[in-house]
Amino acid sequence: MLLRHTPKEINERSAVTINPAKTCQPIGAMYAALGIHGCLPHSHGSQGCCAYHRSALTRHYKEPVSAATSSFTEGSSVFGGQANLLQAINNIFTVYNPDVIAVHTTCLSETIGDDLNQIFDKARKEGTVPAGKTLVGASTPSYVGSHVTGFANMVKAMADLAEPTGKKNGKVNVIPGWVEPSDMEEIKRLAKLVGADITLFPDTSGVLNGPLSGEYHMFPQGGVTVAELKGCGDAIGTLALGDWCSADAARLLDTKHKVPCRILDMPYGLKATDRFIDALRIISGTVVPDEVSYERGQLVDLISDMHQYFYHKKVALFGDPDQLISMTEFLVSIDMCPVHIVTGTPGKRFERRIKELTKDSPFPVNVRAKGDLFLLHQWIKNEPVDLLIGNTYGKYIARDEDIPFIRWGFPILDRQGHQYFPTVGYKGGLRFLEKVLNALLDRQDRDAPEEKFELVY
Amino acid sequence: MATAKKKLVQWEPTDIKKELLKKYPAKVARKRAKQILINEALENTTPEITANVRTIPGIITMRGCTYAGCKGVIMGPTRDIVNLVHGPIGCSFYAWLTRRNQTDAGVDGENYMPYCFSTDMQDSDIIFGGEKKLAAAIQEVYDLFHPKAITIFATCPVGLIGDDIHTVARTMKEKLGDCNVFAFSCEGYKGVSQSAGHHIANNQVFTHMVGENNEPKEGEYKINLLGEYNIGGDGFEIDRILRKCGITTISTFSGNSTYDQFASAHMADLSCVMCHRSINYVADMMEIKFGIPWIKVNFIGAKSTAKSLRKIAEYFGEQKLIDRVEAVIAEEMPQVEAVRQDVLPRTTGKTAMLFVGGSRAHHYQDLFSEMGMKTLSAGYEFAHRDDYEGRHVIPHLKVDADSRNIEEIEVEADPKRYRPRKTEAELQALAAQGFTFKEYDGILPDMEAGTLVIDDLNQYEAEKLVELMQPDIFCAGIKEKFSIQKLGVPMKQLHSYDSGGPYAGFKGAVNFYREIDRLVNSKVWGYMKAPWQENPELSATYVWE
C-alpha cells in the first residue's frame, strides 16, 4: 500500500494540507502567457519557482517550456527586485528577442510589495523596451487561491491590453479557460463550423503540441497576437468559458470597454457544449450547420448504446472548479453518480454548484472546495467508488483501493494524448466516454470469472 | 531560431566561446566569459573558473533554489520522517514525488514518501504570521501519524515575515516528547542556487540527528555512503554490491534512508562520498567530531565501481575483504563486458555533452568513455570551484555577498565519542601506497584539453552549443530535454534518467550502455523531413502515363 498511513476514520484538519488538489498561482500565469504569440513568460521572484513551474508544465506536455526569472538573491528580497527585473528585461530582449514579456509574481515579490507597473515604466523610460515590444504584468501571489487564480489573473492582464478604436470589428472573444491545446484547437474548429469569427485567448494550440522537425523555435507559430488582444475591445461580445478561469477577463472588457459578456461553463459533455454552441450562434448571428448537429447526435447515440454500463456507477473526481462543474454535469446527464468531489481551489460557490447538479443523486454526495486528496481518499475508504477521475496524483489512490482510473485535468505526468486529442465539445465527449468505457469494461474483463467472461459488450 | 545544420568547419574552442558571448550585453558577456572555461594546461597554473555566483536575471538558467536543494534533494528521500513545508502550496506540490529517489518501505512499513505536507499559507498567514498555524500543523501530523521526526522547511515568504520556525520546532518537540522536531531556514532566495540548501540541510541533520543513537551496530567493514540519493534505484544496486562484498552500510545520505541511519551514522568507520557537492559538509563534520575519515568514491561506471570497491578494501586492509572484493569484481565484470562489446561498434567515436547539477556531469563521463564516447563539453548548474578544479582550491575560495549568510557551524571533537579510526602509522602506510583521504580533484583533470567547461549554462548557450558542435547526445534535465530534441539531437536526462535506471554499479552500467545505444541509434532521428520536404522539385513525368 502506497498510502498506508491514511486512516479510514476522518478527523477534520485545520492547519495541515496533505496531498493537495491544487498548486500555486504563478504556474497558471505561465501557462496562460504561453498562449500569447511570441511571448516569454517571466517569473518575478527567486528562480526556484520558475524552475518548478517550467518542469511541471514540461512534464505534462513533453514540450519545451521557456520562461525567464528575476533570480532574486537575499539582497533583492530585502531591497526589492526592481534592479533584477530591469536587468532581466534588457537581457531577455537582447538575447531571446520575444515580442512580449509577460511577467507574473511569486509569494516573494508579493510579500515585499514590488510594483510591476512602476518597474515597467522605468524600463520603458530607460529605453530597454525596443519599439513594438510589449510588457504585460499580472500580480499572482501564491498565498491566494490556486494555480487557477494565477491563470485567471494573467488572462485578465491580457484582456487589459485591449485598445478599442470605437468601431466594432464583428468578432467574438472566446476565453477558453485552462484547457489543453487540443481543446483550444477544438473550440476554434467548432467556432469555424458555426461561422463565428472569434478571437481565442489564451491559445496554446501550436505552442505546446508542436512537431519534431529538426528546428527549435522558442516562439512557435501559435498563440494569440498582441494585435488581436488589442482588438478585443472592438468585439461584439465575449464568451467566458469557466467562472474561475475566464470571468474576470470578460468582466473587465465589459466594464471597461462595454463589450458585453456571458459567463458559461466549460464545454465538457453534452449540455455544456450545447450551451456554448447556442450562445456562439446567437451572439454572432449565424446558423449552426448540420455537421455540428450530426456530431452531437453521435455523442447521444453512444450514450444510448452503452447506457447500461454508465448507469448508477459511482465516481470520485478531483481537479479544478470549472472543469469539475462541467464534468459533474456530464456524468449526471448520463446517469453516472459523482459521489466524492474535491477541488483544492477555494470558493464556496463551487460547493453550491455541485450540490445543485447532484441534488437528485440516489447516493449522498461529498463535495469540498479547499479539500485535498488525503480527504478524498478517506471518503473513498468510507464509501467506495467504481471510477476515479483526476490528474496523475490519483494513481496512488487508484492503486491502493483498486479503482479504475481515468487521467483528466492537470497535471498528467505519466500518459500522453491530452495535448493532441480534445475532451471538450461533442468529439471530446466521445473520446472521454470511450475512456470511461475502456476503464470500466477492462475492469469487468479482469474480474469476471471464466464462465462469465463475455465476448460482446 | 536554432537548427542543427551540417557542420562545415571545425570550430576551435576559442571561436565557440566567442560565438557564445557575442549576443550578450557587455556586462553579461564579461561575467559569462569567466564562467566559460577552455580546459587547457596553463604554465604553472590550472585554469580557474567562476562558479557559485548569482544567476543573471532573465538569462533562462537551469537552476533551482535553496529549498529545492534542502527539502527536495537531501531531506526528501528519508521515508520515516514527515517533511512539513511551511509556505504557500507550490513548493510542497512541486517537490511531491518528482525526484525519483526510490524507497523500500522495509519491514516496519513506515513510509511517508508518497505524501506531501504543507501549511498552505494564505494571505492572512502572511499578514498575521504563520507560527500558530505551523504549530497546529505539527500537532495534526503527530496525531495522525506519530512519526519519529517532523522536519519543517521554510520557503521564501517565511523569512520575510519573520516566522520563528526554530522556536516553534523546539516548543513542539518538548510538547510531543517522543518526536524529534526541527527546522531548516532554507528560504528560496538564500544563496544563489540549490547549493545553499545542501549546506543548510547538512548542518541541521548533523546537529539534530547524527549521533542520537549510540547502540552498537552489527556487521563488518562499516561505512557511510554519503551523497547517494537512490535515483532510479542506484542506491539499491550499490547496496547489492556492497553486501556481496561483505561491507556493511550503516547509513546512506539519504537515498532509501531512515531516521535511525542518520542517528547511527557516527558508528561507521569510513565515510564514502559519492556526490561531493551536496554532502562534503557532513563528511568533514563527522571526521572532526567522531574521527571518521572520508574518501571520494564513484559508483558510476563499471571501472569506477571496481576502483571504488578496491579503495574501500584497501582502507580496511584485511585480506579477507580484499579477496572478496576481487571475487565480486571478477564475477560481475564479464556480463558488463559482454554488453559493452555489443554496443561499442555503435557508440565508439560518438560525442556527448553533460550539463547536470553538481556531480553527475563529472561521474557520467566515465560511463561514456567506457562506451568509446567523447565528452565535448560539460558543466554544472551549481557546483563550486572545488568541484571543477579540485579541493586544493578551497583555501583560496572567497565567499561572496550572496552566500555570506549561509551558516557555517562550528564542530569540535566529541569528548566521549571521538575515536580516530586509524593510527598515525597506519595512515602513513596508506599514504605510502598512494591512498588519499578527503581528496577530490574535480572535473577538469578528467576532461580532454580543449574541451569547454561551462558553469550555470543557460538556454541560449545550450542551443548555440548544440548548433555549433553537434553532439550525438546531450545530457541535462527535463527543462532542456525537449528543446534539444526538437533540433534532432538525442537528449538523455541525467537527473531523472528519463524514468530509467539504475545506472550506478555493474548492473547500472549495463543499463546505461543499452539505453545510450537505443537513444543515439533510434530510427526516429531519420524521420524529421517528409519526402516532399527533402525533394521539393516537381517530378517531370508521371509514372503511370
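1. A crossing of two helices is called left-handed if the near helix is turned anticlockwise from the far one by less than a right angle, and right-handed if clockwise. Helices (H or I, at least four residues) are DSSP runs numbered from the N terminus, as are strands (E, at least two). This is a predicted model, in which local features need pLDDT of at least 70. Residues are numbered from 1 along each chain as its sequence is written.

2. In chain B, H6(B) passes H8(B) in a right-handed crossing. The axes of H6(B) (residues 131-145) and H8(B) (residues 165-176) come within 10 Å and cross at roughly 35°; axes are lines fitted to C-alpha atoms, for helices over the stretch in contact, with angles from 0 to 180 degrees between N-to-C directions.

3. Contact means heavy atoms within 4.5 Å. Residues of H6(B), including Leu134(B) and Ile138(B), meet residues of H8(B), among them Val168(B) and Met172(B).

4. In chain A, all nine residues of helix H1 (residues 25-33) are buried, so H1(A) is largely enclosed by the rest of the structure. Buried means under 20% relative accessible area, exposed over 50%, partly exposed in between (1.4 Å probe, protein chains only). The cover over H1(A) includes helix H2 (47-61) of chain A and helix H4 (89-94) of chain B.

5. The axes of H1(A) and H2(A) come within 10 Å and cross at roughly 60°, and their crossing is right-handed. Among the residues that meet here are Met30(A) and Tyr31(A) of H1(A), and His53(A) and Leu57(A) of H2(A).

Conventions
Chains are lettered from A and ligands numbered from 1 in the order in which they are written. This is a predicted model: local features need pLDDT of at least 70, side-chain atom pairs count only at pLDDT 80 or more; totals for chains, interfaces and linings use all residues. Side-chain values use heavy atoms; hydrogens and water are left out.
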